[in-house]
Amino acid sequence: MKAAVVRALGEPLVIEERPDPEPGPGQVRIRVEASGLCHTDIHAAHGDWPVKPNPPFVPGHEGVGLVEKLGDGVTHLAVGQRVAVPWLGRACGRCEHCLSGWETLCEQQVNTGYGCDGGYAEKMLAWADFAQPVPEGVGPFDAAPLTCAGVTTYKALKVADVRPAQLVAISGVGGLGHLAVQYAKIAGATVAAIDVTDDKLELARELGADLVIDARSQDVGAELKKHGGAHAAIALAVNPAAFEAVGSGLRRGGKLVMVALPAHGTIQVPIFDTVLNGTSVIGSIVGTRQDLAEVFRLHAAGRTKVIYETRPLASVNESIDEVLRGEVKARLVFDLETGR
Ligand code: NAD
Ligand code: ZN
Ligand code: ZN
């Protein structure tokens, strides 16, 4: 099978021919149909974060495909069933986080495409308990972006406790943001979408954003304040200055939810304003299996639209460059079936 491999951090990925991986106890092997390119995979390949992955590794945590082989003890999945393999590759199931509905905070977790090989491959392994069944009627190319971009933004809006009649600012309308706009609308909010390209701002409008703010030419905080300020600001742009800009547009009691993970990212949080205005800064990391099940259910019900373009895995390095140049409409998905 073919896989795109990070052999050294910061180096281009290499397409390798590898033997099909053998599922261990509790695992399944999947024939990958579609695999999304999340900006996190770029951070992984570049070694952008304090906790680094160990090359060689195969990135990718939006892999979707058909179960091909069951490891010992796997009884709840069937060969031929479509599953998605998210960032949360496994968690311990026993710690206080796992037991309280916060398995995404488990300290024993293994992350797909970071701590174990991921979905940039024709075949991959997954822990069966964390491989999410994809419902009937949801195709692999829609399912792939939902597996990280979808669940992450769905969860961020839950963390922000978004209510109807609230103003929600979505900063960055890329892979994550184009779904965040839709979940905020489903929650009943008024949505302000912020980006730095005309195409993204237009896409945000098409997907239901009530107002759009061009961070190149407009003062994001001042624009949000004209509308009373945001109850929640979801920071999805890979740029610390964008966090500060959208955070400055919160209304009193508002919440800044940090989701994007720019390399060496820090922001200044003014103590006086934070105290007097009663604002919060919250980190939000992906979502649980239950969150992903809900994301798939919403999509199966026709409530969300996934915007993607396909690429062959062989173009992995060019695809990464496209994302970094901001040229992608929303999400790139590798087509492992036809190779187109
Ligand atoms: P992306 O590249 O598809 O989207 C980023 C968007 O931000 C683009 O549309 C870009 O035009 C826009 N942007 C750039 N500068 C901006 C600015 N100054 N103001 C407003 N918008 C701006 O990336 P993505 O795949 O959506 O991922 C976004 C970030 O989220 C990455 O850092 C990724 O690692 C992170 N991420 C976090 C989690 C989590 O669980 N916390 C999960 C997935 C991804
Ligand atoms: Zn991701
Ligand atoms: Zn745990």
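Before we start, a word on burial: buried means under 20% relative accessible area, exposed means over 50%, and partly exposed is in between (1.4 Å probe, protein chains only). This is a predicted model, where local features need pLDDT of at least 70, side-chain atom pairs count only at pLDDT 80 or more, and totals for chains, interfaces and linings use all residues. Residues are numbered from 1 along each chain as its sequence is written, chains are lettered from A and ligands numbered from 1 in the order in which they are written, and side-chain values use heavy atoms, leaving out hydrogens and water.

Select Cys92 to begin: with a relative accessible area of 19%, Cys92 is buried. (Donors are N, O and S atoms within 2.8 Å of the metal, or 3.2 Å for Na, K and Ca; water is not among the atoms, so sites may look incomplete.)

Next, hop to the zinc ion (ligand 2), held by Cys38 (SG), His61 (NE2) and Cys148 (SG) at 2.0 to 2.2 Å. Both Cys38 and His61 are buried.

Last stop: select Glu62 and Arg331, which form a salt bridge with their closest N and O atoms 2.7 Å apart. (That's a side-chain nitrogen of Lys or Arg within 4 Å of a carboxyl oxygen of Asp or Glu.) Glu62 is buried at 0% relative accessibility, and Arg331 is buried at 4%.
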